[in-house]
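Please look over the chain shown below before reading on.

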Amino acid sequence: MMISSFKRGVRFACLALFAVAGWSAAEAAVDRIVAVVDDGVILESELVRKVDEIKRSLRASRTSLPPDSILVRQVLERMIVDKIQLQMAEKMGIQVDDDTLRMAVSQIAQRNNLTPDQFRRSLAQEGLDYGDFLEQVRGEIAMGRLRASQVNNQIKISDREVEHYLEVQGGSGAVADREYRLGHILVATPREASPDEVKKARERADKVVKELKAGLDFKDASIRYSDDPQALEGGDLGWRKLSEIPSHIAEVVGGMKDGEVSDPIRSPGGYHIVKMMAMRGVGEAKLTKTHVRHILIKPNEVQSDEDAKNKLLALKTRIENGDDFGELARGHSDDKGSAIKGGDLGWVKPGALVPPFEEAMNALDENQLSDPVQTQFGWHLIQVLERQESSDTNEVLKNRAREELFKRKVDEETELWLRKIRDEAYVEIRLDEAPASSGEDTPSGEDSPETFMR
């Protein structure tokens with residue numbers, strides 16, 4: 001990608017700051033730059049730590065390690081895409097406060113059946129620095145918010161799309177409840193690929209399919225060959241309904257048998273290879289409507305994020321001490337549309353509100369007050385007044401169809417968006433100057449770290 005000499009000068013000036021910041025020549029030689037990504041860099045030490053982390057994870061899951069030459073480039077590519085997203089999030093002012101971070105870490109610990117202290121000790125036993133882990137989680141949350149603002153919020157589902165979806169599912173309008181666990185490999189092509197590039201990608205995809213059908217383990221193949229973000233997890237997409245799978249893949253998946261590997265599937269992003277790892281059915285679905293109200297405080301030039309959050313905490317204390325929620329909403333909420341109704345948002349269906357708000361709302365009991373919740377609109381104090389549950393009616397079917405179409409579009413659009421920002425970023429890779437790992441857990445053979453050393 002062509003960039004102006006001015007931009008190059010800015011980037012080189014940023015790199016020069018390492019010396020100004022106290023880096024000696026000896027230190028710079030030890031911790032080399034392995035990639036320049038727009039206005040930032042990825043250091044050798046960062047890459048080494050990440051490679052070692054991935055190796056430990058693969059070994060724990062009993063997945064055979066690929067050669068370092070493959071693993072290092074896969075890890076570096078993921079780090080490059082993450083770096084691009086984090087820079088975008090910073091420029092857009094997306095921040096993750098400490099309370100949100102603590103809550104996320106607590107949830108991770110709970111999923112592992114550990115207390116936060118036990119989880120912290122387990123990380124130390126695995127050789128992982130807790131501070132590094134916190135920053136990684138903070139980055140994941142920031143990138144999720146970025147993708148929500150750049151992709152999720154741009155997706156619209158029309159009534160006609162919902163009607164067509166229900167027609168395709170069957171004359172009765174029943175939504176298919178079968179779930180599929182899929183393995184996925186992507187052989188990517190550039191956004192504006194030439195016929196020759198498309199041909200080479202197809203040949204590479206055909207080669208992967210041939211190896212898989214000859215007995216190559218799918219996880220190994222994903223790590224070795226896939227350009228998908230889930231490559232280092234063995235390409236496992238988890239359990240999904242047919243409607244939650246990108247349409248170009250869903251058309252093939254519906255007719256696959258357990259254990260079957262598909263032929264290459266063409267999409268704007270390249271060629272996809274999927275394996276049917278398992279199938280299962282699920283039960284009846286219900287629709288829950290929630291009657292909810294809130295108070296919104298927006299940060300501005302004179303009121304910081306922390307100020308807005310503290311203001312809500314003070315309002316929460318007043319409500320708990322007997323003040324009327326509706327009166328405080330009318331006097332303080334920055335959501336003028338609901339403020340005149342005492343903060344009342346009425347009855348809302350699943351998917352009608354932004355995800356952070358809806359997740360917090362769903363976790364509340366009736367009449368319970370939330371802690372301050374941050375969304376792209378500001379900080380919210382939320383109270384659930386009442387809930388109603390209905391079984392499969394036409395409204396339920398339409399709502400489920402809308403949700404599932406949304407999920408499908410998110411997957412498709414996120415894949416294209418990530419490829420777009422990667423293609424548009426300035427990236428200079430200096431990988432061949434750096435070793436592949438710290439030397440721990442390195443498989444023997446011709447692809448050992450020494451291959452990459454000067």
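In which loop is Y426 found? Y426 is found in the loop between helix 16 and strand 11 (427-429), where helices (H or I, at least four residues) and strands (E, at least two) are DSSP runs numbered from the N terminus. This is a predicted model, in which local features need pLDDT of at least 70 and side-chain atom pairs count only at pLDDT 80 or more, while totals for chains, interfaces and linings use all residues. Residues are numbered from 1 along each chain as its sequence is written, and side-chain values use heavy atoms, with hydrogens and water left out.

Y426 counts as buried because its relative accessibility is 10%, buried being under 20% relative accessible area, exposed over 50%, and partly exposed in between, with a 1.4 Å probe and protein chains only. The side chains of Y426 and E428 are joined by a polar contact of 3.0 Å; such a contact is a pair of N or O atoms within 3.5 Å, and within protein one must be able to donate a hydrogen and the other to accept it, with residues adjacent in sequence counting only if both atoms are side-chain atoms. Although 387 residues separate Y426 from D39 in sequence, the two are 8.5 Å apart in space, C-alpha to C-alpha.

D38 is placed in the loop between strand 1 and strand 2 (40-43). D38 counts as buried because its relative accessibility is 15%, and D38 has a positive phi of about 50° although it is not a glycine. Most residues other than glycine have a negative phi. N367, in the loop between helix 15 (355-362) and strand 9 (373-375), is likewise a residue other than glycine with a positive phi, near 70°.

For the chain as a whole, there are 16 helices and eleven strands, and buried residues make up 43% of the 454 residues. Of the contacts (heavy atoms within 4.5 Å) with a separation of 6 or more, 70% are between residues 24 or more positions apart.

In soluble globular proteins, nonpolar side chains tend to be buried together. A nonpolar core here is a set of buried Ala, Val, Leu, Ile, Met, Phe, Trp, Tyr and Cys residues joined through side-chain atoms within 4.5 Å. The largest has 50 residues, of which I42, L47, L71, V75, L76, F133 and V137 touch the most other members. Elements that give two or more residues to this core include strand 1 (33-37), helix 3 (44-60) and helix 7 (130-150), while helix 4 gives the most, with nine residues. Leaving aside neighbours within four places in sequence, L47 is in contact with V34, V72, V75, L76, M79 and L431. Apart from this core lies another, of 14 residues, among them V198, A201, Y225 and V261.

S122 has its place in helix 6 (residues 116-125). S122 counts as buried because its relative accessibility is 17%, and a polar atom of the S122 side chain lies 2.7 Å from the backbone oxygen of F119.

The last stop is the lining of a pocket. Helix 8 (159-169), helix 11 (247-253) and helix 16 (394-424) each supply at least two residues of the lining of the second largest pocket, and helix 8 gives the most, with five residues.
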